[in-house]
Amino acid sequence: MLAAQCISCVKQGKYDENVLAYLLAYYDGPVDTMKLLWKAGKTFGLETFRLEEKIMLTVLFTRCSLSGTEEIFESYWKNIGKQHLLKAYGNLMSYEYFVRGKKTGRAVFAWLEKEAQSGELTETAGRLALLRHYSEMKKRTPLQEKIARELLEKYAQAGVKFPFFQNFGEDFLREFLLFDKSFLEYRTDPAAAVWLTYHYELENGEKSREYRESLNNVYEGIFVRSAALFEGERMVYTFREEKKGTVTETGEQVLLPGERKTGAENGAYGLLNRMSRAVLDQNLKEAQSLYKDYREQECIGKQIFTLM
């Protein structure tokens, strides 16, 4: 009863430090109300640790009212909060960011980076969220470059690739042989089965036969297919999804080789394209030099991606 009366006073802006201190210690209610109390407590410079833990536990249990909790998480982290709660929150927010595309505050990425630096970042959601965050940065610190390279290497060795990998600079693309790759991505319910139907078309209108293949669920309903196209070639494709007997299909879409990143000319397919042009131009010396580069890159690639 007393807590309810005190909360009413707080909502009306009629409270003092004593009322606030009581509520910070004993109030337990809706998350939005606890957020209001937390902000007021911070304004007065009062102890908020106990309320922060209540908020963390509530949002982790309900997975609701996540908006505006990053600064509460940051305060709880700086106040040496319980590690298992920090990990659970970091993983939840990473999932929301990477899978559901929701915005996430800088505090979460700062915590993920600290975990990665100490070798404690083991959850897939956290690793992918941090890696995607790095890929969106215009400039990275040496530490961030190091962490990004380590994570990319792990996924490259496992044969796992996402379209955003190509947002990294040319050094990364060259190191992980991503120059000449284009990616198709389809997001849906993880329980769905997804097929890709496609054919290739040349500039002269010639078409290949039609292919159909099932796609692997790379992570939580994110289906990815990589493709490498020659110059003058394009892929025409559709996605087909089936879930609980219901089938949906996208319209035709087109993937062009021009969508590859700058530097693709130095990748395996880029070298093959350049060899083809050299032969057509009767520049055999250039073709031989390019063939040597292609064979060298092929040998290096086999060494890099041999499973340990």
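Strands β4 and β5, the latter covering residues 222-227, pair in the antiparallel sense over two bridges. The model is a predicted one.

Sheet

- The open sheet is made of three strands in the order β1-β5-β4, with antiparallel pairing.
- β1 (182-187) and β4 (217-219) are the edge strands, each of them pairing on one side only.
- From one strand to the next, the twist averages 45°.
- Tyr219 has Ile222, in β5, as its bridge partner.
- Strands of a sheet are paired by backbone hydrogen bonds, in either a parallel or an antiparallel arrangement.

Helix α3

- Helix α3 runs over residues 31-44, and its 14 residues should span 20 Å at 1.5 Å a residue; the end C-alpha atoms are 20 Å apart, so the two values agree.
- The buried residues in α3 are Val31, Thr33, Met34, Lys35, Leu37, Trp38, Ala40 and Gly41.
- Gly45 follows α3 and has a positive phi, near 70°.

Largest pocket

- The largest pocket holds about 210 Å³ of space.
- Its lining consists of Gly159, Val160, Lys161, Phe183, Ser214, Asn216, Val218, Val224, Arg225 and Ser226.
- Strand β5 contributes the most to the lining of the largest pocket, with three residues.
- Sorted by class, the lining of the largest pocket has four nonpolar, four polar and two charged residues.

Technical notes. Residues numbered from 1 in each chain as written. Predicted model: local features only at pLDDT ≥ 70, side-chain atom pairs only at ≥ 80, totals over all residues. Heavy atoms only, no water. Pairing = 2+ DSSP bridges. Helix = DSSP H or I, 4+ residues; strand = E, 2+ residues; numbered from the N terminus. Axes fitted to C-alpha atoms, helices over the stretch in contact; angles between N-to-C directions. Expected span 1.5 Å × (residues − 1). Buried < 20%, exposed > 50% of the residue type's maximum accessible area, 1.4 Å probe, protein only. 1 Å grid on protein atoms, 1.4 Å probe; cavity = no way out; pocket = protein on both sides within 12 Å on 5 of 7 lines; lining within 4 Å. Points joined across faces, edges and corners; volume = space filled by probe spheres on them. Nonpolar A, V, L, I, M, F, W, Y, C, P; charged D, E, K, R; others polar.
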